[in-house]
Amino acid sequence: MFLADCHTHSSCSFDAEFPMAAMAKTAYEYGLTSLTLTDHCDLLGLEGETVQTYDWEPVLKQRKEMLDAFGARIDLPLGIEFGMGFLFPEAARKILSQPGLDFVIGSVHNQSQEAGGKDFYFLDYSTMDRCRAALDNYFTSMIALAAQPEFYDVVGHIIYPFRYMKGDYAVPPKVEEYRDEVFEICRLAAQNGKGIEINTWKGQTLAEWIPVLKLFREAGGEYITVGSDAHAPGPIGRGIKEAYQIMQDCGFRYVANYHERKPDMVKLK
């Protein structure tokens, strides 16, 4: 069975510890067909500080070691998770000019610069008002990202902040309340020949993607990747099979896997 985990992180990301070779070893043992390491490059830092460069050297060094060990046994495209590339287009183009780059996930991890630029992970979600303010800010940036297709191949984890909204609410925030914003993101991606990802968050978010997939299909979208967002070997591949089934249930017949910034379409079985 074809299984591709298109969103994972190695020790080349600030929030992960395991080298690429260890990630590839687990992916091979798990039975994955393809593993894409998409280490972080965010143009805003955790506290909103501006970042306009990216050091590819440690990525390429680890990648060579990984390819030497596992390149003949598993497909290992070169990826990056690229945060808010629309903010600094010149810097973004320079970073993404890396030869051999196969896949770019366009993500938003931070509030807008006007709101301070802090990573959504660190925000206070203790009240519904705080949740709504964060989500309004988030979706504004996501729409801006989706409108700049040169800086992504798929829009990453559209429902990202919802994973942290675990307060004592009578009714927690739901993605359906942001139907118009999510549809606009899907419409822009589809219109520009780009895709979205199902981010299973290590197998923890699956059913949550159904309304997003329905909107992407309504918008005429075609390209979908699936990723576990694993930051360690253990969660690699979690939720991939289940996500494929959800895609089929929503009317999609193919899953995408990227090489040279172009989607290879694999029929779902």
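Me: At what angle do the axes of helix H4 and helix H5 cross?
Reply: The axes of H4 (residues 128-146) and H5 (residues 179-191) cross at roughly 15 degrees and come within 8 Å. That makes H4 roughly parallel to H5, a label for angles under 35 degrees, with over 145 being roughly antiparallel, 65 to 115 roughly perpendicular and the rest oblique. Axes are lines fitted to C-alpha atoms, for helices over the stretch in contact, and angles run from 0 to 180 degrees between N-to-C directions. Helices (H or I, at least four residues) and strands (E, at least two) are DSSP runs, numbered from the N terminus.

Me: What kind of model is this, and what pLDDT do local features need?
Reply: It is a predicted model, in which local features need pLDDT of at least 70 and side-chain atom pairs count only at pLDDT 80 or more, while totals for chains, interfaces and linings use all residues. Residues are numbered from 1 along each chain as its sequence is written, and side-chain values use heavy atoms, with hydrogens and water left out.

Me: Back to the helices: which residues make the contact of H4 with H5?
Reply: H4 contributes Phe-139, Met-142, Ile-143 and Ala-146, and H5 contributes Glu-181, Val-182, Glu-184, Ile-185 and Leu-188. Contact means heavy atoms within 4.5 Å.

Me: And how do H1 and H2 pack?
Reply: Helix H1 (residues 20-30) and helix H2 (residues 57-70) pack at an angle of about 35 degrees, and their axes are 8 Å apart. On the H1 side are Met-20, Ala-21, Ala-24, Lys-25 and Tyr-28, which meet Val-59, Gln-62, Arg-63, Met-66 and Phe-70 of H2.

Me: Now the sheet. What is the strand order?
Reply: The open sheet has seven strands in the order E1-E2-E3-E4-E5-E6-E7, with parallel pairing. Two strands pair if DSSP finds at least two bridges between them. Strand E1 (4-8) and strand E7 (224-227) are the edge strands, each pairing on one side only. Helix H7 (residues 240-249) packs on the sheet and touches E1, strand E6 (195-199) and E7; the direction of H7 makes about 155 degrees with that of E7.

Me: How many bridges join E1 to E2, and how many are there between E3 and E4?
Reply: Three bridges join E1 to E2, and Asp-5 stands opposite Leu-35 in E2. Strand E3 (residues 78-83) and strand E4 (residues 103-107) pair over five bridges, with Gly-83 opposite Ser-107 in E4.

Me: Is E2 buried or exposed?
Reply: Nine of the nine residues of strand E2 (residues 34-42) are buried, so E2 is largely enclosed by the rest of the structure. Buried means under 20% relative accessible area, exposed over 50%, and partly exposed in between (1.4 Å probe, protein chains only). Ser-34, Thr-36, Thr-38, His-40 and Asp-42 point one way, whereas Leu-35, Leu-37, Asp-39 and Cys-41 point the other way.

Me: Where is Gln-98, and what does Gln-98 touch?
Reply: Gln-98 lies in the loop between helix H3 (89-95) and E4. Gln-98 is buried at 17% relative accessible area, and touches Trp-56 and Leu-60, not counting residues up to four places away in sequence.

Me: Last topic, backbone angles. What is phi at Lys-202?
Reply: Lys-202 has a positive phi of about 60 degrees although it is not a glycine. Most residues other than glycine have a negative phi. Lys-202 sits in the loop between E6 and helix H6 (210-218) and is partly exposed, at 31% relative accessibility.
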